[in-house]
Each structure stands twice: as C-alpha cells, then as structure tokens.
Amino acid sequence: MELTYIPLFAVLVSLAAVPFILLSSKKPNLREFWTILAGVIKFLLVLTLLPSALQGNVIELQLLEIAPDLPLVLRADTFGVFFALIASSLWIFTSFYSIGYMRGHHEKKQTRYFASFAVCLSSTIGIAFSGNLITFIIFYEMLTLATYPLVIHSENKKAIAAGRKYLTYTLTAGLLLIAAAGITYYLTGTLEFRPGGIFGDVELSQPMAITIFLLFLGGVGVKAGIMPLHSWLPSAMAAPTPVSALLHAVAVVKSGVFGVIRVVGFILGPDVMAEFGLNDILMVMAGITIIVASLLAFAQDNLKRRLAYSTVGHLSYIVLGAALLTETGLIGSIMHISTHATMKITLFFCAGAIMVNLHKSNISSLNGIAKVMPWTMAAFTIGSMGLAGLPPVNGFVSKWFLATGALEGGMFIPVTVYVISGLLNVGYFFPIIHRAYFKKGGEELEGHTEASPFMVVPLFTTAILSILFGVYPDLFFNFFDMATTVASSIFNPM
Amino acid sequence: MLDFFMGHYAYWFTMILLAIGLYGMLIKKNLVKKTIGLSIFQAGVILFFVSVAMKWGATVPVKADGLPVSEVSNYMNALPHTLMLTAIVVGVATLGVAYALIIKIYNRYGTLDEEELLDKIQ
Amino acid sequence: MTGSNIPALIPATYILFAILIPVIGLWRSEITRALALLGSGIATFLSALGFINYIQSGEVIRYYFGGWMPPIGIEFVYDGLAAFIVLVINAIAFLVLIHSKEISKLEFPGRKMPYYTISMLMMLGFNGMVLTGDLFNLYVFLEISSLSSYALIAIGSKRAPYSAFRYLIIGTVGGSLYLLGVGFLYTVTGTLNIIDMHAMLPQVIGHSAVVGALILMVIGVGVKAALFPLHGWLPDSYTFASSTSSALIAPIGTKVAAYILLRVMLFLFGVELIDAQLPVTTIVGIFAGVGILYGSIMAIAQSELKKMLAYSSISQIGYIIMGISLANPFGFIGAVLHVLNHALMKALLFLVSGSLRTKEGHSLITKFDNSYRKKYPWTMVAFTTAAISMVGLPPLAGFFSKWYLALGTIENSNWMLLAVILISSLLNAVYFFRILEKVYLNNPDAEEADDAEAVSPQNNEVGFSMMFPMAVMAIGLLVVGIFNAYIVNVIFTMFPAGF
C-alpha cells in the first residue's frame, strides 16, 4: 500500500474543506457536515499511518525545495503520528461540540469560525508531520495566523486586546524561532529533525549553545506557555470555549510542547543539552512554571481562566519531563501530551456547557449545579481527578512515568515538584466539585436541565476515554508503545 | 603647509564652489536662490573635471600640424571635456525642470519664500 | 546569437514610445495609455526573453554601442543580475500602468499625455542605469530617470510641486556627488568602464582619491536610494504625488538606486577591496540598520496610508542595502531577492492605496472601517497578502528574503543586524495589523452606531483594470514565496567575483 502521500492528504483535507465551508455559509447544516466530513477523513488518514508508525517506520514525502538545500518535507514518524492522532481525533469531538456550543450561544460569524478552525487543524497536522524545522516554522506561523480570528471571535474590546497580545507573543516567538533556525542551519547545514539531534560533530561554544537554546526556547516556549512567556494564554480565554478546548488545551499549546520535544530530542539532542547544562535551565524554568501556575490557578474565579492556568502548569509537566533527559521521563512526557489533551478538553467542554446552559462562568456561582447537569459534572470530576494524578484516570499513568523518570535520573527536586503540584491540583479542582455537589444551588437553577446532547456526548466520551486510557494505555492507538518508540529512538539513535 | 594648499589650488577652488553651492541650497530661503546654489554646485563638479584634464605645456585637444597625436603630452585630455558637455546639458535640463516647478509653486501659493510657503501649506 | 540585441532594444523601445506618445497624443490623447502599455509591454516581453535566454545559456551579453570596443566605447552589460532587475522593473511598470486607467482620469484629467510620456522616459532612465557598463553613462541615465521622476511627482496633489522641488534639490546634489566620485576614480584609473576599472583598482587602491570616490559615490547613490539619513525627500514625494506616480516610482526608483550601490560596492570595488581603507560595509550596514528601525517606527506613527507606505519603503530599502553591506553570498541573495519581493509588495500596497483613493477619495487610515471588507473584498485580500508578506510570514515571499538576510548576518556574526531584522518584522506587524484590525473587525467603540447604519454596505469592488494588476502581484507573492528556490538558484549564478 502506498502510504507516501497520506501525510500530505491528511494536512490538506481540512484545508480543502475551507472553500466548501465558505460556500455553504447560508446553510449551517451543510457547513457543519463539511467540517465533520473533513474531520473524519483526516482522522482515518492519520489512522492508516498508525501501523507503520508503531514499527518505528518513517514515511517521508519531499514536496519541493523551498530554498536551496532546504526542502519542504512532510514526514510521518512515530512522534508525528502520535501528535496527529490526538489532534485529529479530538477535532471530531470538538466539531460536534462546536455545533452545540455555537448554536446554543447564538454566536455570530460561525462560517469564519468553522473555516478558521479547519485551517488551524491543517496547520496542526502540518506541524505534526513536519520533517524539518523550516516546514515546522511555516506551519507554526500558519497556525498563529489561523488562530487569530478565533481568539478575537467575539470582537469586543477584551477579545481584540487578547488578540493583540496573542499576536505580539506568537509573532515574536516565530521570529526568535526563525533566528534560531538560521543559526542552526548555518552551523550544521541542515534543519532536519533527526532523533538524537543534528549538532553531532559541530563544535559549540558555551555562549553560542546558550544563545541557540534560548532562541529556541523563546520560539517554542511561548506556545508551550513556559513562564514568563505564558500570559497570552489566560487572555486568549476570551475566545469561544471550543477554541479554548481544542486549541488552547490541545492544538496550539501542544504544538508548543511538541516543538520543545522536537528541539530537545531532534535538533539539539540530549547530548548537547547535557553537555552545556541546557537541561538545567529548562528544568528550572519548567519547575517554577508548574508551581507558580498552580498557585495562580487558585486565585482565579473565572472557570476558564483557572483551567488556563492549570494548562500552563501541565504544559510544563511535559517540558520538565523532556528536560529530565531520561528515557522514562521522556516516555512520561510524551504520554502526558495525550493524557492531558483528553482530560483538559473534557474540562473545557464542561466549562463551555455550563456557560451555554446556565450562563455561568465564575466558580463562585457554581453551587449545586451537579443536580442540574449531572453528566457534565461527572465528566468534570473525572477530568479533575486525572489532572491531579489519581488513578484510574490516565493522568496517573503519565505522571507515574514522569516521576519514575526523575527518580531514575537521581533528581529529587523534580519529583517533589510533581508531588506538590499534584496536591495543588487537588486543591484548586476540589472546591469546584465540592460546590457543584454539596452546596445548595440558587433559585436560578430551577427549570434548567442538562446541556444539549451535542455538547454532553462529546464531553462525556472524552471523559470515558480518559479512564479507558488510564486503565489500558495501549488501547486503540497504542499511545504507550508509540511514546516508548520515540523515546528510545532519541536516546539510542541509529 | 603652504605647498599643500598652493599645490592643489584647483581642488580647493572646487571645494569652495561646492561649499558655496551647498550653502545656497541649505541656508537661502528663496527657492530661486536655492536653484542658483544648485547651479554653482554643479559648476564646481564640472570645473573639477575640466581642471583634471589640464596638462602644463599642452594645447587644446584639437589636432594641429606639428604636434603628433601619438605624443599625448601635446594635448590636454579631451575626454573630461566631452563628458562635461553632457553634464552641462544635464544641468540645464535640471534647471529647466526646477524653474517649471518654481513657476507652478508660485502660481499656487503666490510666494517663493520657503518659510511663507511652509506656513501656507500647513 | 539569440537575443544579443536585447540590451539595446529595451531602452530603444522606451525612447521610441517616449517620442510616439506626445506626437500621437497631440490629437488622440485617449490612446496614450494604450501606447504606453504597448511600450512597456514590449519592453517586458523583451526582458523576459532576455532573462529566459540567460537562464538557458548562462551567457553574458556585452553590447558595444557603435561597434566601439570598451574601454573606448560605451557598452551595455547584460549579465544575469541586470537581466533579472530589468525584468522586475519592466514587469512592475507594466502592471502599474495597467492600473493607472482610473486614477489618471481622476487625479490628473487632461494631462494623460505628459504623464505617459514622462513615465516612458523614466523607465528609459532606469533601464539604462541597470544595463550600462560605463560609470559616466550611468550618471546620464541617472539624471534622465531623476528628472522624469521629479516631473512625475509634481503631477499630483497641491503640495506635489513643492515636494518635487525639494526632491530635485536633494537629488541633484546626490547625482553631482556621484559624478564627483566618478571624476576621482577617473583621475586615478583613466577609465570609466566598470569592468575595466575593477581590473585596475587593485593597483591604485591605496590612493586617497579612491576612498574619497567611494564615499562620494555611496553618499550620492544613497540619496537616490533613500538610505538613512539621506531619505528626507522620500516621504513627502511619495505622499503628495499622484497615486499612480508613487506606485510607479516607489517600487522601482529606490530599487534601481540600491542596485547601483550593489554594482559599485560589490562589482566595481569587489569584496576584497571594498573595505581596504575604510570599513565601508560596516558603516553602510549600520546606517541601513538604523534606517530599517527608523522607517518602521515612523511608519507606525503615520495616519495616512501612502505616507505610512513611504516610511515603510525607507525601512525596506534598508533591508536591501543591509544585504549588500554584508558582502557575503547569503546577504547578496537576500538583497537581490528582496528587490523582487519588495517591488511586488510595495507596488501592490501603493496600488491598493490608489484603488481606495479612487473609490473613497482618501486613504486616511483613521477613516478605515470594517465596511471596506464588504465593499472591496478582493482588494482587501490583496492588501492582506501584501501585509503578511511584509511582516515576513511564510510561505509568502517576504519571509524568504528575510531568511537569507538573517543567514547573511549570522555568517558575519553580526548579531546587531540580526536583531534589527527581527525587531523590524515585529514593527511591520504592528503597523499592518493595525489596519487589518480596522478593516476586518467591528469597531468596539462604535457599537451603538451599528444600528444607525443598519444598511449593510454594498459590494463596490474596483474594476478589472485595477483588479488585474493587484491580483497578479498578490498571486506573484505566493508563487515567488513557494518557488523561490528556483529564483535563488538563478541568483547563485549572478554572484560577483570573490564569493
């Protein structure tokens, strides 16, 4: 079977849906049909790549030379397929959920919304399948631009300010990334993603290594929400909830951490990272981010903002895992990309459902809503448990590997950070659950029932998936196998 | 020291012309005076070229009996002169355009004084 | 043998039409535009032919005028670089002239004949500057193009003659300084031919006249190229000239001057000699860098679209000159590629501003609102394309020239200039997204006004003659971006000696 072109089709399918979405702007049902059709096709295309990815095979497609010696390459390696699977599968859920949310909320300009969303997904899959840094940068910038219309969707002052902030942060990041890529290209003569890094024979001085690393960190760290580069993320919560759910919990921010792992494992390589103490810088930053973000999450009364800070913290779990430079740590880190995705999307879906159904966005007003929205709150509880790292939800699995990885490397501070942050997670999620289940709700809750099935079904499904993946990490997609393959390829390059 | 000045007096002359021209263009407020400065500036450059062509004891570059062309020291360098013919034409054209613009400005604003002009424009 | 007359034919076409247009225009002024289009069309066709010929054969055509061999006679050197630049400027001029139909009716009715005549003359000057291999001949063409551009700029709003006059004074000083520099070089080498002089310069490089000449020529050409701090004439000239004049001059004029700078610095002096006495490249690089930042910052402060674009031109020309000053292969590629990219982007942006002026009667950014998106959907798409390319986001063309420039700065370990490129990209983003925000988003301050004008704006898109060139350029930006490797591979063959 000819698989070579599948990555290309997987990238293009949602882009191809854009004209159809735009043309059927007057017929919402048809328009959403295109979105979902594209989502399903995209998912199936990515799924066909799974068997070869599990064997560690690499499918490479060289498109054209974008510059001499710098081809545009789409490459479906194990890590890419892993990320593409997460993004494309969750897009289907989000599409259904969007229909319920956008119609329930009577949002304007839904056509622009769905079209931008499709472009975002193309870019995300493009990022996943980028075979070298230049391709990565192109899709990375595309993602920035395509997300902008979603962030400013409501076009009020707050949204526009958030949009400006978002552009400032991400465009700066893009430029730093370009600078880093330029220096790397100059030193190594290639920008390929190679397991174990491309700096093999290059003599690096300490200041040069740190400069390159900091430029890369600035480039991918913004989308990965590493402090102090995180502040666009809470502001971007001005976007509609499905956007926050898929993009600011999965696609955009995970592109950032995906980029971090690409840089650490495939560009700089663990050897260079360790030689110049770069992993220490990364570890300190990630550690601080985890703790500070968890503390800041306490201070938020707006549910989405609390989730945003929680996202910032959890992204740094992944970054910290990569910075440990141990195989187990990296497995945990990669696993956490998938586990955090399913859990956090559930939580955002819940937040959105509550907002649409009860018009409540502040935690202090959530008293007693579990009676009205039992399914939603059940899903919320599962998601929160997972993020706090309690079994049997999948968050436990990835955290277990993260902690084991840290211990394996003899590093106790990261373990402590993980443990403390787990407690803080319990601390900021538990009050919400407590309010919802045990406090008595106000009168305004009367007459309200569960949210529309368009929203409840996706959010409950993702919650169930979180548990299933917690119990059987290799279910359906063999996420665990894939993470192991990726980690071993980086630490034992051929 | 004196030798330095006297030995290069043609260049100093050029420098002075350029300086006068620049002064006229920068300091004078009247647009016509500015064009005069411009003209002096160009004349400085033209005279520089002509002075470069100068040779002591040589005659104008027109072939004469008894002065063989193969002996180049007989004649001044002809090329700078011809070049400057072109440059003078360019200079005249420049002045033509400049005066056309000045007439246009005068018709619109009724003044050629730069300060008044700027006042009226605002 | 194919195409060996092309270098002479291109300027000859413009001369022919510069004579034809006024003669015919005296009694049929309505067909002058058609004639001008024909003229620049033929020139574009010839230069395309010549460029294709160059790509296929790689031969450099040296055309000797009157059969006189250089260094006695004047020659046109049609090498890859000249062929490329000639193609770019002629094609841009052709597209801008197509676009000029509506604007010429509106902004200078009854003066079409002079406008098209002068534009032919100006293109003659620019083509001659690019093609000639003789330093004095270059001066003559420089003045032909300059004098015509003063006249073109004077055709415009009420203030145009005054800004044209100022440009004339500054421009003539620049030209004279260049001529003085040529005189210095002539006195020490005795030749005016660029190739000949390049061969002689190593023998006289220690002479103080040579370094003086270099300084004078860089300043003189720098004025024409609007290199900071010699840019003073540019903003007013571009702003008050007719929209179609500025669309013609802005993308072409400064580029050609930058090209002359490139010829002087990297071909006449060459990589080995340029820094022999003074760190010329470093100094030029610093001015270019300051100019990039200055232009971008000033552009942010403008409330008039054309003035903003004028300042942005100062900044963009800085990129090209910076690429030249790096004097390494990547910098060269970046500079040459940016000539093409910026010509496309800036022409497109000026055309958009011209289109808006014809439709709305102004191009004040403060008055832009989101009705434009409905009224001029495709114009705005073109504007957005150009804006994103200016910011330098892949895969549009602007990204790649910046990429090569960045590589060039890295090769020289010139971190300051690398930082300048990055910062200025951000500043570009500021002044373009500011407009895009206005055009595409609801104004949150004016929400109550929404109900008052509930009538939704009608589609009022510009006509074909305006849409076509803008569409070609917008698509061109994408195509050049995606297929820039092919262009860069051609640029590889254009390197001066010493790379």
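For chain C, UniProt places the feature "domain: NADH:quinone oxidoreductase/Mrp antiporter transmembrane" at residues 133–427, in an unreviewed entry. The model shown here is predicted.

**Annotated spans**

- Residues 133–427 of chain C are 82% helix and 0% strand.
- The end C-alpha atoms of that span of chain C lie 39 Å apart.
- For chain A, an unreviewed UniProt entry lists "domain: NADH:quinone oxidoreductase/Mrp antiporter transmembrane" at residues 130–423.

**A helix pair in chain C**

- Two packed helices are described by the angle between their axes and the distance between the axes.
- In chain C, helix H6 (residues 160–189) packs with helix H8 (residues 208–225) at an angle of about 155°, and their axes are 7 Å apart.
- Angles over 145 degrees count as roughly antiparallel, and H6(C) and H8(C) are therefore roughly antiparallel to each other.
- The crossing in which H6(C) passes H8(C) is left-handed.
- In the contact of H6(C) with H8(C), 16 residues are nonpolar, seven are polar and one is charged.

**Chain C with chain B**

- This contact involves 22 residues of chain C and 25 residues of chain B.
- On the side of chain C that touches chain B, the elements giving two or more residues are helix H5 (135–154) and H6 of chain C.
- H6(C) gives the most to this side, with 13 residues.
- By class, the side of chain C that touches chain B has 15 nonpolar, four polar and three charged residues.

**Chain C with chain A**

- Chain C and chain A each bring 23 residues to their contact.
- At least two residues of the side of chain C that touches chain A come from each of helix H16 (397–411), helix H17 (415–440) and helix H20 (484–491) of chain C.
- H17(C) supplies the largest share of this side, seven residues.
- The side of chain C that touches chain A divides into 17 nonpolar, four polar and two charged residues.

Methods: Residues are numbered from 1 along each chain as its sequence is written. Chains are lettered from A and ligands numbered from 1 in the order in which they are written. This is a predicted model: local features need pLDDT of at least 70, side-chain atom pairs count only at pLDDT 80 or more; totals for chains, interfaces and linings use all residues. Two residues are in contact if their C-beta atoms, placed from the backbone, lie within 7 Å. Helices (H or I, at least four residues) and strands (E, at least two) are DSSP runs, numbered from the N terminus. Ala, Val, Leu, Ile, Met, Phe, Trp, Tyr, Cys and Pro count as nonpolar, Asp, Glu, Lys and Arg as charged, and the others, Gly among them, as polar. UniProt positions are given in the numbering used here, feature names are shortened, and annotations may be inferred rather than shown by experiment. Axes are lines fitted to C-alpha atoms, for helices over the stretch in contact, and angles run from 0 to 180 degrees between N-to-C directions. Angles under 35 degrees count as roughly parallel, over 145 as roughly antiparallel, 65 to 115 as roughly perpendicular and the rest as oblique. A crossing is left-handed if the near helix is turned anticlockwise from the far one by less than a right angle, and right-handed if clockwise.
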